[in-house]
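Keep the 3D view open as you read.

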Protein chains: 4
Amino acid sequence: MNSYGTLFRVSIFGESHGESVGIVVDGCPAGLSLTEDDLLPDLERRKGGKQKGTTPRQEADYPFFKSGLFNGKTTGFPISIFFENNNTRSEDYQKQRSIPRPGHADWVAHQKFGGHEDYRGGGHFSARLTTGLVGAGAIAKKLLNGISIHADVTEIAGDKDLERGLQKAIDAKDTVGGIVECRVSGLPVGLGEPYFDSVESVIAHMMFAIPAVRGVEFGTGFEAAKMFGSEHNDAIENMDGKTRTNHAGGVVGGISNGNELVFRLAIKPTSSTPKEQTSLNWDTEQQETFSVKGRHDLCVALRAPVIVEAATALVLVDLMLQEQRIKRIL
Amino acid sequence: MNSYGTLFRVSIFGESHGESVGIVVDGCPAGLSLTEDDLLPDLERRKGGKQKGTTPRQEADYPFFKSGLFNGKTTGFPISIFFENNNTRSEDYQKQRSIPRPGHADWVAHQKFGGHEDYRGGGHFSARLTTGLVGAGAIAKKLLNGISIHADVTEIAGDKDLERGLQKAIDAKDTVGGIVECRVSGLPVGLGEPYFDSVESVIAHMMFAIPAVRGVEFGTGFEAAKMFGSEHNDAIENMDGKTRTNHAGGVVGGISNGNELVFRLAIKPTSSTPKEQTSLNWDTEQQETFSVKGRHDLCVALRAPVIVEAATALVLVDLMLQEQRIKRIL
Amino acid sequence: MNSYGTLFRVSIFGESHGESVGIVVDGCPAGLSLTEDDLLPDLERRKGGKQKGTTPRQEADYPFFKSGLFNGKTTGFPISIFFENNNTRSEDYQKQRSIPRPGHADWVAHQKFGGHEDYRGGGHFSARLTTGLVGAGAIAKKLLNGISIHADVTEIAGDKDLERGLQKAIDAKDTVGGIVECRVSGLPVGLGEPYFDSVESVIAHMMFAIPAVRGVEFGTGFEAAKMFGSEHNDAIENMDGKTRTNHAGGVVGGISNGNELVFRLAIKPTSSTPKEQTSLNWDTEQQETFSVKGRHDLCVALRAPVIVEAATALVLVDLMLQEQRIKRIL
Amino acid sequence: MNSYGTLFRVSIFGESHGESVGIVVDGCPAGLSLTEDDLLPDLERRKGGKQKGTTPRQEADYPFFKSGLFNGKTTGFPISIFFENNNTRSEDYQKQRSIPRPGHADWVAHQKFGGHEDYRGGGHFSARLTTGLVGAGAIAKKLLNGISIHADVTEIAGDKDLERGLQKAIDAKDTVGGIVECRVSGLPVGLGEPYFDSVESVIAHMMFAIPAVRGVEFGTGFEAAKMFGSEHNDAIENMDGKTRTNHAGGVVGGISNGNELVFRLAIKPTSSTPKEQTSLNWDTEQQETFSVKGRHDLCVALRAPVIVEAATALVLVDLMLQEQRIKRIL
């Protein structure tokens, strides 16, 4: 279902080229000061067109609050946020409706929804939906007073020099993937459960809903599979649980241990590559060669950090409320 | 919470050295032929002591059905399964209660549950709890008629030669991690949703509840971050959606595309290494040097495949019921 | 939380005198023909000002679809519906902010939300929120092809002659309550479960979220408590499960039995009586005498039937999807 | 599904004549002192055979804890409780398998589960399942320190003199229904939400899962429908929210207001009347006359109070945890 969370729950809606995209945030405690301005910095970061490698599509991305606020504060009831879609060029998509773009959801959506999906711009599958996530995430961040969440691209096209990684895409007239790392400091000990809502479980659940994410690892992650136990184990140093190393990435037994939470995401290369591709035309049942038109990112990983931060914040607020680390009435 | 699933839900309980471990399986359609024997092969695979590198602890691991069956078939009501704990040596743990073992949940559990946790053998955090998962998974596999789920260890200690990888641990008198790969064939197109219950989301949620899992990746996973879009995109070949390559690992836009579902898990080295370690004694607030006693696996990855298969099956049945691919009445 | 449903889930938001009220409908199968016009007849029925005894407050109550539709059909993704609030006279409420109206949520909301609640017009507690329910219910009704849901006021102020019941209120310059009965025909056998989601459980859960509902009974309901078993038992007549009598109201053991589903709701008298009342002024901590101003219904039961039908339809679609009686793809 | 609750969740299982019945209690905070003895008084109250009008079937009803306890305290992990079924006379039921008993779930279960249901003694539909509820409820009551929950039969066969009501059944050689009233004092202000988890919604949801419940009303309930607003409104008297009258039964706008919570349940007459009845034989498709054999209650309402108290306690703990009125660590 298009909602996630137990005591802090988001419900997402909208299509890329429909009338709007948006989100409903349920469970936000009453009394949090909140204006549209609180959301703008992160929404600005999410926007394309600001840096080399991101799409030139520009939306105002202004968040319209439609409920849940009164006198500049949250009321304790659902906050609904809308973003208008003004800047769409749907004809780009209609032309080649019957040729599902490789790497995109065109084909599966067509099968799953019997041809009734809104295919324009990827519809509900579009990264445009993440506008709502980022808006909701900005609210969650405000609730996480004293906790810092920071995500960065650490690698593009296998290169830690990001400029050089991006240049690979430009040179090859292709798209590239990347790695995003997220670090959270200031988390209390004791969030999460071994079964089935481990910190890793609920974060990974949310992260794999972000388009283009192909892998999630915590702490040393896949490297841990190559280590000795004596090497990977983090020795506890003091009564706060601070460990000498942090191979666990801040989670042991599914429960936060008070050290920095660290996880990384593998982001696949943008599916809409400018390169010529082939696909099956489902009308003619023939293979066809085509190039994807439209405005796209050379590397979607570049736009992912603020989305990852938002998604992380949403999950953490929910865990914090469940563990009574955020008061229901502020 | 200790349950997972929407229409097919498991509720897990038990502690490693308590009276029992077990699971309740809710939502199993009526009319499935089922006896204890159906569970034994997978339970046997999960058992330690059968191969080099696994713990000598032996439990009968016999599944006692306590409800949900009648005349050898499921009734449509919850199936509860119990496993007795007979073979416990709790004194191993009681001796060093105040020294939390690095890499284990001892310290976080103590903080989270205020000292009331059952610390013996890891309590509820123990891999012994996965007995229930494997039992429930065997039921799920029976429901997934025509779908094959197969997991394997593909790498130990960074080595694809598994004997050699294990030998590293033996030589070093240490423990090692590994990689488990799971492949599912025969899945229908259309399981999952983009938000928030993508196939990757719900599988990863479940996988990260398995002890020692540190990373989950689908298809080419982290390698995808190094690829070009034109290289990673899987071209659709025929009207069944079969793709030329399968970098996506069978999921696009969060939805199964009818190709083989492929994902990999990073399993950390067993935390209970025979090596000498140091930790904080929370009574004396001093560092102490000690070695973990008790019976443990040199490489827990070796026991993971059957657990991963079970966990996968549980998630897939739930997705299949939601998409009406399994009939409520068999 | 402000959402309800398992496979068909509504998320409600808005405040009576805020910018808007609305609802997000998640889980509607793709391919249902749907326009705003489909919602208008029920929204019209819900409106006040059309009959003796209802509030003169007039809202256009026009449903703006903001997502989930494409080419006049549902896409399978969330349908968001907005209603603008244009016709509000908030000053009526601001004047006596500190005097909680008896029978209203003013006092509990103030306590629960620490004074941050939007108190104007009852905020989120207002019956105006039911606009969203009615809109969503109209969609649910379209999905319930072949099933008829009909609710009626059967009693006002204890009188089965409704004119006469209402006249009691007019004569007494007071407000009155009433009974609403809902009948559903065409339901399949087999919806619901004994634990914990009996048909009665999920319907009652939803009904008690409708403002002013004080009791819910199925079949003969409270009368059943006075009957003999031999009298109350419904003898099965034919292989369709049709019973001679229908004291059970269509549900046995929590499961629909194919007979007409019948239940009744007790609706309390409108809390905003024109009569003079006393309450505690929480600023002065003194009792004060006052009369409620604003525009109100003499008998809210009169507006309840269409809301009850909508709420019923929402629950039934969810049960039908769970039992695979509605196809996921239309 | 066979579980209920958000942060405090019970999962029920078992069949009347199967091996056992039981329940898993998830979310109980760690550190609560608990032994089997804490459950025995309520389990004793639930037992039949102790008073005129209840079944002579005697089970030891001893609760076996199988997990979640350590050193006499809860660990914070799931508590599983088992009750053995020793005293069953299944042959009573097998004889007339094909004649669904009127008022019982025989026919709907047969339809819903395709003939695979355990029909002996009503299987999962049996009131025997409430043993688990009562056991879990006793735990919930211990958590509700300072809150008193008390349920009573207030009416049998329409008579407030209970002896006389019961005598009607004995005289008529039939079964009778009754009214159970539950009163809770000491509840804090602020539990519940207007949508969709009003206090009434979640309590009614749970109550309608108790076998034989046909109606639920809060405060004056159905009587409210006959009252004037000025009469029904409860005037607030003091800064604790204490009201002069309590027609609301302690809930306004779905939220507890700090006054006594009062609700009543209509319990239908026991379906297994000793009277001769007719039903359809689904093998012969003919009507047949028969009398129900087996051991049954003349008036199930007599055994309901302790079940109602338990069910109430379970719901209230969940609401209290959500509102942070019970600490996660005791």
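## Where chains C and D meet

The contact between these two chains draws 87 residues from chain C and 86 residues from chain D. On the chain C side, several elements each supply at least two residues, including strand 1 (3-4), helix 3 (106-112), helix 6 (199-207), strand 10 (213-218) and strand 14 (276-281). Sort that side of chain C by class and you get 40 nonpolar, 33 polar and 14 charged residues. Keep in mind that this is a predicted model.

Strand 10 of chain C pairs with strand 10 (residues 213-218) of chain D in the antiparallel sense, over three bridges. Which residue stands opposite C:Val216 in strand 10 of chain D? That's D:Val216.

## How the copies are related

Here's a handy bit of background: two copies of a chain are related by a rotation about an axis and a shift along it. The same surface serves both copies, as 99% of the contact residues of chain C recur in chain D.

Now try chains A and B. Chain B can be laid on chain A by a turn of 180° with a shift of 0.0 Å along the axis, and the RMSD is 0.0 Å. That is the relation of a two-fold axis.

## Chain A as a whole

Chain A is built from eight helices and 15 strands. Its C-alpha atoms fill a box of roughly 65 × 55 × 35 Å along the principal axes. A compact globule of 330 residues would have a radius of gyration near 20 Å, and chain A has 21 Å, which agrees.

How much of chain A is buried? Of its 330 residues, 68% count as buried. Look at contacts in chain A with a separation of 6 or more, and 71% of them come from residues 24 or more positions apart.

## A sheet in chain A

Five strands of chain A form an open sheet with antiparallel pairing, in the order 1-2-3-7-4. Strand 1 (3-4) and strand 4 (64-67) of chain A are the edge strands, since each pairs on one side only. Strand 1 of chain A pairs with strand 2 (residues 9-14) of chain A over two bridges, in the antiparallel sense. In that pairing, A:Ser3 has A:Ser11 as its bridge partner.

## Strand 2 in chain D

Hop over to chain D and find strand 2 (residues 9-14), where six of its six residues are buried. In a regular strand the side chains alternate between the two faces of the sheet. In strand 2 of chain D, D:Arg9, D:Ser11 and D:Phe13 point one way, while D:Val10, D:Ile12 and D:Gly14 point the other way, and all are buried.

Strand 2 of chain D has a partner on either hand. Strand 1 (residues 3-4) of chain D pairs with strand 2 over two bridges in the antiparallel sense, with D:Ser3 opposite D:Ser11. These two strands form a hairpin with four residues between them, and D:Gly5 in the turn has a positive phi of about 125°. Strand 3 (residues 20-26) of chain D also pairs with strand 2 in the antiparallel sense, over six bridges; here D:Val24 is the bridge partner of D:Ser11. Strands 2 and 3 of chain D form a hairpin too, with five residues between them.

## A helix and a loop in chain A

Helix 8 (residues 304-322) of chain A has 19 residues, which at 1.5 Å a residue should span 27 Å; the end C-alpha atoms are 27 Å apart, which agrees. Is helix 8 of chain A enclosed or exposed? It is largely enclosed by the rest of the structure, because 19 of its 19 residues are buried. Just after helix 8 of chain A, A:Gln324 takes a positive phi of about 60°.

Finally, look for A:Pro274 in the loop between strand 13 (261-267) and strand 14 (276-281) of chain A. A:Pro274 has 18 other C-beta atoms within 10 Å, so it counts as partly exposed. Leaving aside neighbours within four places in sequence, A:Pro274 is in contact with A:Lys173 and A:Ser291. The C-alpha atoms of A:Pro274 and A:Leu187 are separated by 42 Å, with the two residues 87 apart along the chain.

Note on methods
Residues numbered from 1 in each chain as written. Chains lettered and ligands numbered in written order. Predicted model: local features only at pLDDT ≥ 70, side-chain atom pairs only at ≥ 80, totals over all residues. Least-squares fit on C-alpha atoms with pLDDT ≥ 70 in both. Buried ≥ 20, exposed ≤ 12 C-beta atoms within 10 Å, placed from the backbone. Pairing = 2+ DSSP bridges. Contact = placed C-beta atoms within 7 Å. Nonpolar A, V, L, I, M, F, W, Y, C, P; charged D, E, K, R; others polar. Rg over C-alpha atoms; globule rule 2.2 N^0.38 Å. Expected span 1.5 Å × (residues − 1).
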